[in-house]
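Subject: Structure handover

Hi,

Here is the structure I promised to pass on to you. Please open it first, and then read my notes below alongside it.

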Amino acid sequence: MKLAVVAVVAATAAVAQNIPSIAWGFASSAYQVEGAWNVDGKGPSVWDHWFLNNHSLVASKGAGNPIAAGDVFKTAGHYDRMKEDVALMASFKSSMYRFSVAWSRIFPQCNGQVNQKGIDFYSRLIDELLNAGIQPVLTMYHWDTPQACEDQYGSLMNRDMFIKDFTNYADVLYANFGSRVKYWLTFNEPAAYCGRGFGPVSDAYIWPPGKNGRESDKYNCVATTSIAHGAVVQLARTKYPQYEMKFSMPLIIAYYIPVAPADVEQANINTLSQGDWLWGSLASADGDYPAYLKTVKTGDMDGALLPAFTAAEKATMKGTLDYVALNYYSAQYFNGVSGQSAPTLTIKADQVPWQSAYPGGIRGITQLMSRSYGPLLASSVGGLAPIMISECGYGSISEAFGPLSQSVNDVDRQAFFEGITAGLQLAVVEDKTPVFGFLAWSLLDNLEWLTFDQTWGLVHVDQQGGTLERTVKQSANKLAAFFAGSKSPIALAQSGGKPANSTVSSAPATASGAAVTTANPTATGSPSKSSNSIATGYSVAVALFATFSLMFV
C-alpha cells in the first residue's frame with residue numbers, strides 16, 4: 001500500500017458552516033501573564049523563588065531575553081491590565097476564558113491567613129468576564145506552588161500536608177467564587193510538572209523546586225495530585241452542592257495515528273495511556289488505575305512504577321471527573337507493529353522543538369477520548385463524554401525578537417488554526433463529538449516558564465520595548481471570524497450580585513496590527529477502564545482508521 005498524506009480539510013473555507021453551540025476563547029496561567037509577583041500581599045511561588053535564586057541559569061535560555069534585564073517578573077502585566085485584556089477578548093466576541101489563580105496570592109504563607117486583596121483581584125476578573133458575556137474557567141493549580149509550602153514540608157512530596165493545604169485553599173475559592181464559576185480545572189498537566197520538578201532531569205530544563213530526584217518521586221507526585229483532585233471535588237459536592245460546579249483535570253495528550261490496521265491497537269494504547277494514568281482513577285467506579293495500565297510501558301509512562309492507592313484514596317477519587325479537559329498540541333504517526341513506511345509530519349522551522357503540530361489530529365483525538373470515556377462519566381450523553389479543548393495552540397521561536405510585522409502576520413499560526421477549526425468542525429457537526437468548549441493557547445505572548453523566546457499568543461506583547469503594549473495578530477481575527485456564528489451553550493452566572501450580560505458583546509474584533517490600550521473597534525478581514533475499555537478503544541480506533549482511509553492510497 002503506497003502512502004500519501006491527504007489533508008482532511010485544507011482550510012476553513014472548505015467548511016460549509018461554522019460550528020454551532022460551542023463556547024470558545026482563550027487560556028492563560030497566572031504565573032505566565034500576571035506579573036506583580038510581590039504586589040498587594042502576594043507571596044513568592046516556587047517559580048518566583050527559582051528566578052530569584054537561579055538568575056544566571058535562567059537568563060541564558062534566550063538571547064535578548066527580557067530576563068537578562070531583570071524584567072522577568074513583569075511577564076505580560078495582566079495584573080495591572082486585566083480590564084484591558086477582558087475588553088480585548090470581548091472585542092473578539094469570545095465566550096470563554098480560562099485563567100488560573102495563583103495560590104500564593106490567596107495564601108502567601110501556603111496556609112493560615114487569607115490575603116483579601118488576592119481574593120478581590122480574582123473577584124473583579126470574574127465579574128469583568130461575566131459582564132462581557134465570557135464564561136470563566138478557573139484553574140486551581142498551574143504549577144505555581146507557594147514557596148512556603150515547599151519550605152514548610154516539601155510541597156507535593158508530603159502527600160498528607162499538601163492535600164490538607166490544597167483542600168483548604170479550594171474551600172476558600174469555592175466560598176468566594178463558586179456561585180459565579182461553573183467550570184473548574186484542578187491540576188494542569190501534573191505529569192509534566194512532576195517530571196521536571198521532582199523526577200530525574202537529564203537536560204538543562206529542570207523546573208522548580210529543582211529536586212532532580214528519582215523516577216519514583218515523579219510517580220508519587222502525580223499520584224498526590226490525583227488524590228488531591230478527588231478531595232477537592234468531594235468537598236465541592238458535599239459542602240457547596242448548590243453551585244453545581246463541574247470539574248476536570250487538563251492533560252496534554254499526544255495523538256498517535258496508526259499507519260496501518262495492524263498498528264491500531266498499540267497506537268490506541270499509546271494515546272489513551274497518557275490520559276488513563278490520571279483520568280482513569282478519577283473516572284472509574286473503583287478509583288483505581290485501569291487494569292491494563294499496570295503492564296504498559298511507553299515513552300510517556302511505565303505502569304510498573306505506578307504507586308498503589310489505599311482503599312480510602314480510591315474512594316476519594318472515584319467518580320470525580322465531570323468532563324474531559326484536553327490540551328492538544330501534537331501528533332505522530334505510529335508504525336511500530338506493521339513496520340510500514342509512515343508519512344512524515346512537516347515540522348516547520350518556526351515551531352518550538354517539542355511540538356509536532358498536526359491540526360488534523362483534533363478530529364480523531366476528540367472522538368477517541370469522547371467514546372473511550374463515555375461509558376464512565378455520569379455526564380455523558382449517548383455514550384459520549386463531553387470535551388473541553390482546554391488548550392490548543394502553536395508556538396513560534398522566530399516571532400519573539402523579530403520585527404512586529406512578522407509577529408502580527410503570524411502565517412504559520414494562522415495555518416495551524418485553520419486546520420484546527422476545520423477538524424473541529426468535522427468532529428462536532430459530522431461525528432457528533434460533544435465538544436462544548438475550545439480554548440486557544442494563549443491570549444497573550446507571555447513568559448514561557450523559563451524564557452520569552454517562545455511565543456504562543458494570538459496577541460503580541462511588547463517585551464523588547466518593555467511597554468507591554470498589546471497588538472492583535474492576524475490569527476486572532478481569523479479565529480474570531482470562524483466562531484462568529486457560534487452560540488455558547490452555557491448559561492452565564494451573575495456577576496457580583498448584578499445580572500450578567502446574556503449575550504456576547506457586539507463590539508467588532510480588533511484590527512490585526514493595531515496596538516491597543518483599550519479595545520480598538522476596527523475590524524479587518526469500558527466501565528472499569530480495564531481490558532474491556534481497551535476493546536472499546538480498539539473499536540473506536542478501527543472506526544477512526546476507516547474514517548481517515550483517504551490518507552492511505
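Let me start with the lining of the largest pocket, which by class has 24 nonpolar, 12 polar and 10 charged residues (Ala, Val, Leu, Ile, Met, Phe, Trp, Tyr, Cys and Pro count as nonpolar, Asp, Glu, Lys and Arg as charged, and the others, Gly among them, as polar). Before more detail, please note that this is a predicted model, in which local features need pLDDT of at least 70 and side-chain atom pairs count only at pLDDT 80 or more, while totals for chains, interfaces and linings use all residues. Residues are numbered from 1 along each chain as its sequence is written, and side-chain values use heavy atoms, with hydrogens and water left out.

The pocket

The largest pocket has a volume of about 1,500 Å³ and is lined by 46 residues. On a 1 Å grid over the protein atoms alone, a pocket is an open set of points where a 1.4 Å probe fits, with protein on both sides within 12 Å along at least five of seven lines, and lining residues have an atom within 4 Å of a point. Grid points are joined across faces, edges and corners, and the volume is the space filled by probe spheres set on the points. Nearest the pocket's centre lie Ala-192, Arg-196, Trp-207, Ile-252 and Trp-354. Helix H9 (190-197), helix H10 (215-239), E6 and strand E9 (331-334) each supply at least two residues of the lining, and the largest share, 5 residues, comes from H9. Helices (H or I, at least four residues) and strands (E, at least two) are DSSP runs, numbered from the N terminus.

Around H9

H9 and H10 cross at roughly 145°, and their axes come within 8 Å; axes are lines fitted to C-alpha atoms, for helices over the stretch in contact, and angles run from 0 to 180 degrees between N-to-C directions. In this contact (heavy atoms within 4.5 Å), Pro-190, Ala-191, Cys-194 and Gly-195 of H9 meet Lys-218, Cys-221, Val-222 and Thr-225 of H10. Those residues divide into 5 nonpolar, 2 polar and 1 charged. The loop between H9 and H10 holds Pro-209, which a cis peptide bond joins to Pro-208, with omega about 5°.

The sheet

What is the order of the strands in the open sheet? The 9 strands run E5-E4-E3-E2-E1-E11-E10-E8-E6, with parallel pairing (two strands pair if DSSP finds at least two bridges between them). Strand E5 (246-248) and strand E6 (251-252) are at the edges with a single partner strand each, so one side of each has no neighbour in the sheet. E6 pairs with strand E8 (residues 324-328) over 2 bridges, and Ile-252 has Asn-327 as its bridge partner in E8.

Helix H14 (residues 361-373) lies across E8, strand E10 (387-392) and strand E11 (435-441), at about 155° to E8. H14 also packs with helix H16 (residues 411-430) at an angle of about 35°, with their axes 7 Å apart. There, Ile-362, Arg-363 and Thr-366 in H14 meet residues of H16 including Ile-420 and Glu-430.

Two more spots to look at

Trp-441 and Ser-442 are joined by a cis peptide bond, with omega about 0°. Thr-75 has a positive phi, near 40°, and is found in the loop between helix H3 (55-59) and helix H4 (78-91). Most residues other than glycine have a negative phi, and most peptide bonds are trans.

Best wishes
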